[in-house]
Amino acid sequence: MADKRKQVCLKGTGLTKVFGIGRQQTVAVDHVDFEFYEGEIISIVGESGSGKTTLAKMLLGLIGTTEGDIYFQGKKRDISSQKKKKEYWKNIQAIFQDPFSSYNIFNKIDSVLLDCIHMRGGKKLPYAKKLELMTEACGFVNLKFEELTNKYPFELSGGQMQRLMIARIFLLKPKILLADEPTSMIDACSRATILDMLMQLRDEIDMTLIFITHDIGLAYFVSDSVYIMERGIFVERGSADEVILHPKEAYTQRLINDVPKIYEEWDLSTV
Amino acid sequence: MSNVMLEVKDLTTKYITRFGEDIYAVDHVSLKVEDGKSLGIAGESGCGKSTLALSLMGYYFPPLHYTGGEITIDGRNITGMNPDDVRKSVLGTEIAYIPQSAMNALNPTRKIIHFIEDVFEAHNPLATKKEIYDIAKGFFETVGLPAEVLQKYPVELSGGMKQRTVIAISVILSPTVLIADEPSSALDVTSQKMVIKMLRSLMNNGYVKSMIFITHELPLLYNVTDDIMVMYAGQIVEKASAKEAVFDPLHPYSRGLMGSIIVPEEGLRDVRLTAIPGVPPNLKNPPAGCRFAERCLYVRPLCTTHPVRLREIAGGRTYRCILSEEELREAYKNG
């Protein structure tokens with residue numbers, strides 16, 4: 001992938017998030033630095049409560065930062081107004097863990113997809129063209145638009161909803177896609193389908209993909225570089241082979257040791 | 001055959017929906033679990049794994065209804081018993097069931113010891129509080145839980161601890177069969193490992209004579225169980241030893257399922273994931289032939305019209321396909 005690593009896409013310096021004040025203070029993310037390159041696939045791995053999701057929310061601009069800066073394509077990110085925020089979200093999009101809570105239950109599927117087309121400046125397109133775009137997007141994720149039109153999100157299964165989420169991304173073509181536990185609510189078989197689609201999508205529109213996950217198998221399988229997070233800091237980082245197969249930190253070693261394997265003996269005596 | 005702890009013959013159960021439709025979620029399932037053995041059940045969401053677990057207890061309440069088949073636990077036939085008798089004399093002592101979100105079942109206003117007192121009240125009303133506490137303390141210590149847990153409220157325990165506590169409570173009467181339905185899927189890897197370690201030690205120490213373990217996480221299933229049964233659309237499609245099922249699956253569906261395994265081990269990065277295209281059939285009106293035919297890569301004309309029986313081959317393996325073992329292997333070799 002070396003040729004694809006043209007330049008830094010997203011960069012953070014001294015990024016910190018503190019919740020609460022005084023004695024109740026919790027440092028969720030503690031001065032993390034990182035540089036994500038264009039077209040790279042990154043995994044941020046950690047246990048529950050390690051600060052992964054807080055970091056993701058900061059990157060998306062959903063919550064403010066306590067300290068530190070985020071640079072997008074070399075320039076400091078500016079999301080001070082709603083308009084600028086929307087502009088930023090054209091470049092960075094997310095897929096969340098729970099597809100059931102990702103949709104507005106009052107809006108039909110059509111409007112979900114139409115919104116994406118409008119966001120890409122397609123508001124003035126004739127309806128026939130929009131329909132074509134929507135059908136193409138649904139086709140990309142193996143859904144049939146004819147079956148979805150005029151339906152509400154709750155009429156779909158979890159797997160279908162998650163795929164529709166990917167269809168949205170297909171229409172939006174963002175520079176960065178942040179996937180926060182995209183497969184933890186669906187079974188192993190659909191997981192393969194979703195991952196396959198995300199990979200295809202990446203090749204299609206050449207975006208940076210950031211996986212936030214506790215599934216080490218998944219992180220190893222998909223990513224170029226892996227960041228291991230513990231208590232708000234990155235304890236280890238490097239290429240997937242380095243970090244997962246030859247971990248240096250005790251925390252990483254323990255984490256990897258705890259995953260059930262099929263070719264090696266699973267050592268139960270360590271807990 | 002006294003060492004067969006649980007035997008199920010042609011068990012069929014159905015859901016009756018609001019609209020009066022019958023959905024056969026468990027369709028002619030037969031299985032056998034021997035003393036000291038564990039059986040894993042794998043399959044996609046919605047294939048009937050959890051319904052099978054509920055059906056095995058013989059404790060039916062609407063919308064789930066019993067339609068046919070036989071369940072024998074340690075030589076005792078429990079089919080057709082009325083639900084009250086099942087609750088009194090089967091649940092807890094013969095079959096213990098750990099549902100998917102077991103840890104949410106703890107009433108937050110009561111201490112852990114109260115739940116154990118409740119269990120004894122129902123099954124052994126003569127025991128005094130002191131006796132119960134001593135038994136509980138001894139038992140908790142043998143399964144690796146600190147005795148202080150007994151005096152705590154559920155909110156004071158972490159998720160993994162709660163899950164292990166619920167398991168300990170449900171097996172305190174040494175059930176013949178333990179049914180664990182995704183007991184660790186809401187936990188992180190370290191807590192998951194502790195739960196598995198506990199289940200193993202329960203089996204090894206004889207507190208639980210046999211176990212049925214349900215999960216869609218295949219590497220976990222491989223590490224926990226002796227045999228694996230793969231379900232698809234309410235039917236068993238393959239039953240084999242854990243090793244055979246994972247490394248040498250025969251049925252095209254099991255093969256697809258095993259192709260979706262991801263583990264962080266060397267060399268597995270280059271393996272291509274095999275996603276099975278399509279979706280499972282709607283069980284409201286299941287296909288006449290093989291239920292997997294629509295998604296199968298090796299489908300033959302006969303598949304869609306003729307119902308397929310389970311075939312038994314050497315080594316006690318069974319699978320549901322019209323192709324013979326040789327034909328299947330040949331097909332896989334050619335891609």
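Okay, let's start with one residue: if we skip its neighbours within four places in sequence, Lys84(A) is in contact with Asp78(A) and Ile79(A). Contact here says that two C-beta atoms, placed from the backbone, lie within 7 Å. Before I go on, this is a predicted model, where local features need pLDDT of at least 70 and side-chain atom pairs count only at pLDDT 80 or more, while totals for chains, interfaces and linings use all residues. Residues are numbered from 1 along each chain as its sequence is written, and chains are lettered from A, ligands numbered from 1, in the order in which they are written.

Back to Lys84(A), then. You'll find Lys84(A) in helix H2 of chain A, residues 82–89. Helices (H or I, at least four residues) and strands (E, at least two) are DSSP runs, numbered from the N terminus.

Now, the two chains together. On chain A, 30 residues are in contact with 31 residues of chain B. Which elements of chain A give two or more residues to that side? Those are helices H7 (188–205), H8 (216–222), H9 (240–245) and H10 (250–257). H7(A) supplies the largest share, seven residues.

Over to chain B, and helix H5, residues 159–170. Its twelve residues reach 17 Å from first C-alpha to last, close to the expected 16 Å; that expected span is 1.5 Å times one less than the number of residues. H5(B) is mostly covered, with ten of its twelve residues buried, including Gly160(B), Val166(B) and Ser170(B). Among the things covering those buried residues are strand S6 (95–98) and helices H3 (112–123), H4 (129–142) and H6 (189–204) of chain B.

Last stop: strand S10 of chain B, residues 235–241, where six of seven residues are buried. What does S10(B) pair with? On one hand there's S9(B), residues 227–232, running antiparallel to S10(B) and joined by six bridges. Pairing takes at least two bridges found by DSSP. S9(B) and S10(B) make a hairpin with two residues between them, and Ala233(B) in the turn has a positive phi of about 50°. S10(B) also pairs with S12(B), residues 317–320, antiparallel over two bridges. Keep an eye on Lys239(B): this residue is the bridge partner of Met229(B) and stands opposite Thr318(B) in S12(B).

Conventions. A residue is buried if 20 or more other C-beta atoms lie within 10 Å of its own, exposed if 12 or fewer, and partly exposed in between; C-beta atoms are placed from the backbone.
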